[in-house]
Amino acid sequence: NEPLQGIPKAKIAYFFNPSVASFDLGDDHAMKPARVAIADALIEGYALYRKMGVFASLWHSDWGYCLFHRMLKLAFNGNVTPELATSAWGPYLDQFGLDAGNDEEKSDCPVFNGVYKWCQHFSGVSVEAGRMLTEGNADIAINYAGGIHHARRSSASGFCYINDIVLATLELLRMFPRVLYVDIDVHHGDGVQVLTEHDCYESTYFNGKFFPTTGSKRETGLRQGEGFSVNIPLDDHIRDGPYFETFCEVMDLVMTHCQPSAIVVQTGADSIAGDKLGTFNLSIRGHGRCIEYLKTRNLPMLVLGGGGYTIANVARAWTYECGLLNDAILTD
Ligand code: TV1
Ligand code: CA
Ligand code: ZN
C-alpha cells in the first residue's frame, strides 16, 4: 500500500467548522451533527492536519437557498423556530416536509433551534469545497458535515433539509462537463437522483420497504440523462466481499460509459456493520475500499459525509478514509 513512486500526492482541502457540534435535532433523534466534530478530533489526533490544507470554515451562506431551494428561505425567511413551528406557522410545515417536533411522535425533520444555521453552514461549506476544485486549488476537497442526500427542492425529508450535494454539484458543473455522483450511504440518494438528469449516479440499497423506498434498478435516468443513472439494489447484511465485487463491476462500467471529469462521493457511514439504522455488514476497511477505488481514478473529487448513526463507527470510518485520501494507512 505504499504510494507509487513518482506520482505526486493529491492536494487535499479539508473543511471543518467547529460550530457543527452545537446543533441538536433533539435528544433522542438519530441524526447527531456533533459526530462530525468527533471525527474531526480523531482526524486531528492522527496528525492528518499536517498533510492537508485545513479550512476551519466559518462561512455561512444563503447561496443554497438562492440557487435551488425555496423551502426554508422563501417560506420562513430563515426565521423558522420551534416556537413559531408550533404556533403561527404550524399549518405551513407539512407542505415543506417539516414537523413541529412534538414529543409524541418521532419525526424525521423537526424544526429544531438553529435548523436554518445548520443548513447554511454545511451547504455553504460544500459549495465552497466544490469551488476549491473548480478553481483548481485542490485535487480533493472534503466536507464530512455535508452529504445530506434526501432533501428536495421544496421539502425536507429523512433528516435532510437542504441538499448540499446538488448545490456543490452545480458548482462543479460550471467547470467540469460531467460529474459522477457515487453514494455509499445505506439509504438511497433519492434527492440527488431526481435532480441529476445529466449526470451519472450510483447508489446502493433498495428494498421496497426501507426508507426512502426508491432506487430500483429500473430507475436509469430521465430525458437527456437516460442511461446515466444506475441503482444497485443490495441485500441486508451484505459483507465486504460481495459488496466490493459488485461495486467494482458496476463502477468499471460506469467509468467507461460516463467518462466523468469530476467525482462527488457521499460517504454515508450507516452502511457499516452495527449502525443504529443501517442493515449492512461492511467493515470500515470494506467501506474504505470504495474510497480507495475512486481515488485511484485521479479525478477532482469532492468527498462528503452523509448518514451514520453509531457514532464511534462514523468517526473511525471517516478518519480511516481521510487517511487513505492522504496516502496514509491508519491502524488501531
Ligand atoms: C426522532 C427520534 C426521529 C428518533 C427517526 C429511522 C427518528 C428514526 C428517531 C428513523 C429513528 C428513518 C422513515 C418515517 C417513514 C420514515 C443523512 C413513517 C431509530 C442521510 C433517513 C432515514 C436517513 C429516515 C438519512 C427514516 C440518511 N429511519 N429514530 N427515521 N416514516 N424515515 O422511515 O440517508 O442517512 O430510527
Ligand atoms: Ca446509497
Ligand atoms: Zn443513510
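**Cysteines, ligand and cavities**

Cysteine 322 is buried, with a relative accessible area of 0%; buried means under 20% relative accessible area, computed with a 1.4 Å probe and the protein chains only. This is a predicted model, in which local features need pLDDT of at least 70 and side-chain atom pairs count only at pLDDT 80 or more, whereas totals for chains, interfaces and linings use all residues. Residues are numbered from 1 along each chain as its sequence is written, chains are lettered from A and ligands numbered from 1 in the order in which they are written, and side-chain values use heavy atoms, with hydrogens and water left out.

I turn now to the ligand. Ligand 1 has 17 residues around it, of which Asp108, His149, His150, Asp270 and Tyr309 come nearest; a residue qualifies if one of its heavy atoms lies within 4 Å. This shell holds five nonpolar, seven polar and five charged residues. Here Ala, Val, Leu, Ile, Met, Phe, Trp, Tyr, Cys and Pro count as nonpolar, Asp, Glu, Lys and Arg as charged, and the others, Gly among them, as polar.

Which side chains make polar contacts, that is, pairs of N or O atoms within 3.5 Å, with an oxygen atom of ligand 1? For aspartate 270, a side-chain N or O atom is 3.0 Å from an oxygen of ligand 1. Taken alone, ligand 1 exposes 800 Å², and the protein buries 70% of that, by the Shrake-Rupley method with a 1.4 Å probe.

The structure contains two cavities of 30 Å³ or more; a cavity is a set of points, on a 1 Å grid over the protein atoms alone, where a 1.4 Å probe fits but cannot get out, and lining residues have an atom within 4 Å of a point. The largest cavity holds about 50 Å³, and its lining has eight nonpolar, no polar and one charged residue.

Definitions and conventions. A polar contact is a pair of N or O atoms within 3.5 Å; within protein, one must be able to donate a hydrogen and the other to accept it, and residues adjacent in sequence count only if both atoms are side-chain atoms. On a 1 Å grid over the protein atoms alone, a cavity is a set of points where a 1.4 Å probe fits but cannot get out, and a pocket is an open set with protein on both sides within 12 Å along at least five of seven lines; lining residues have an atom within 4 Å of a point. Grid points are joined across faces, edges and corners, and a volume is the space filled by probe spheres set on the points. Buried means under 20% relative accessible area, exposed over 50%, partly exposed in between (1.4 Å probe, protein chains only).
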